[in-house]
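Welcome, and please open the model in your viewer. We will go from stop to stop, with something to select at each one.

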Amino acid sequence: MDYNQYLTKAMQWAKEAGDVTLRYFRNPELKSVTKQNDFDVLTEADKAAERIIMDNIRREFPSHSILSEESGTTTVCDSEWLWVIDPLDGTTNFKQGLPVYSISIALQHNGETVAGVVYAPYLGEMFHAAKGSGAFLNGHRLHCGQNDRLSTMVVATGMPYDRDRHPDNNLDNIARVSMQVRGIRRMGSAAIDLAYTAAGYFDAYWELNLNLWDIAAGALMVQEAGGEVESIRSDRNHSIMAGSRTSLNVFRPLIK
């Protein structure tokens, strides 16, 4: 099956949603609320971007189901297709005026991700991938890095929103890894972390307790760029590690 037709649509929608977020970005009158706690922010830009993407899906593919971070699941009976959306990944960055945020759109067919887009509007970076067709940044083919020297690795991670309450909050891993690698980066957008891993900008990435909308598109990009995405927790939701097999063979033993 040719999934590029869906990918083309997703890229268009991501661009439309990204253009809307730029109208809100660094606007002192931006409205926001907190969700689970003070660490978890929602802005009016999140909702505006989500409306654009969901309206496009419903118009183009009314028989498809949708899972979106802000609106939950919209299920169409017996649908084999599921769109997985994070309309603004990196909301804390966005609210602070930091340009590292993204729109993430993925399409799953019978539970397998077959197309994905991660678009960073301010940076002008459009990452995209379709199953069996490779991963790309603005049309240029991506390949995961093949670094096998721990001391020269630059890796990325994040921390869960419940880090103040859950003892498995990744801080022990961060302390351990920081002593062994050249650098750790905490970008604030899991979708961008995965896309940058696909591009080889990061040698590896790991994070705990993510949601499907955080990783669906980016994980496909890593895989289509020749890398691997694997689970690192059996008891927590979407705790993953990503990178090339070469890099993960060296990096994996650090993560507990």
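Predicted model: local features only at pLDDT ≥ 70, side-chain atom pairs only at ≥ 80, totals over all residues.

Residues are numbered from 1 along each chain as its sequence is written, and side-chain values use heavy atoms, with hydrogens and water left out.

**Stop 1: two asparagines**

Select N209 first. By its relative accessibility of 25%, N209 counts as partly exposed. Its phi is positive, about 60 degrees, although N209 is not a glycine. You will find N209 in the loop between β13 and α6. Helices (H or I, at least four residues) and strands (E, at least two) are DSSP runs, numbered from the N terminus.

Now select N110, in the loop between β6 (102-109) and β7. N110 is not a glycine either, yet has a positive phi of about 55 degrees. With 56% relative accessibility, N110 counts as exposed.

**Stop 2: helix α6**

Next, show α6. This helix has 13 residues and reaches 18 Å from its first C-alpha to its last, close to the 18 Å expected at 1.5 Å a residue; the expected span is 1.5 Å times one less than the number of residues. Look at G218, where a kink of about 25 degrees is centred. The bend at a residue is the angle between axes fitted to the seven residues ending there and the seven starting there.

Among the buried residues are W213, I215, L220 and E224. After α6 comes G226, with a positive phi near 90 degrees.

**Stop 3: strand β15 and its partners**

Select β15 now. Both of its faces are covered: I240 and A242 on one side, and M241 and G243 on the other, are all buried. Two strands pair if DSSP finds at least two bridges between them. Strand β13 (residues 204-207) runs antiparallel to β15 and is joined to it by four bridges; there, E207 has I240 as its bridge partner. Strand β14 (residues 228-231) is also antiparallel to β15, again with four bridges, and E230 stands opposite M241.

**Stop 4: the nonpolar cores**

A nonpolar core is a set of buried Ala, Val, Leu, Ile, Met, Phe, Trp, Tyr and Cys residues joined through side-chain atoms within 4.5 Å. The largest one has 34 residues, of which V118, F127, L142, L194, Y205 and M221 touch the most other members. At least two residues of this core come from each of β7 (112-120), β8 (125-130), β9 (134-137), α5 (190-198), α6 (212-224) and β15 (240-243). A second, separate core of 25 residues includes A10, W13, M54 and I103.

Zoom in on F127. Leaving aside residues up to four places away in sequence, its contacts include V118, F136, L142, Y196 and M221, where contact means heavy atoms within 4.5 Å.

**Stop 5: the open sheet**

Which strands make up the open sheet? There are eight, in the order β4-β3-β5-β6-β7-β8-β9-β10, with mixed pairing. At its edges are β4 (72-74) and β10 (140-141), each pairing on one side only. Four bridges join β3 to β5 (residues 81-89), and these two strands run parallel. Select I66 to see it opposite W83 in β5.

**Stop 6: aromatic rings**

Rings of Phe, Tyr and Trp (its six-membered ring) pair if their centres lie within 6.5 Å; planes under 30 degrees apart count as stacked, over 60 as edge-to-face and the rest as tilted. The structure holds 13 such pairs. In one of them, Y6 and F61 have ring centres 5.3 Å apart and planes at 50 degrees, so the pair is tilted. Y6 lies in helix α1 (residues 4-24) and F61 in the loop between α2 (44-60) and β3 (65-68), so the pair ties together parts that are 55 residues apart in sequence. Y6 counts as buried at 11% relative accessibility, and F61 counts as buried at 16%.

Finally, select Y6, W13, F61, W81 and W83 together: ring pairs link them into a cluster.

Terms used
Buried < 20%, exposed > 50% of the residue type's maximum accessible area, 1.4 Å probe, protein only.
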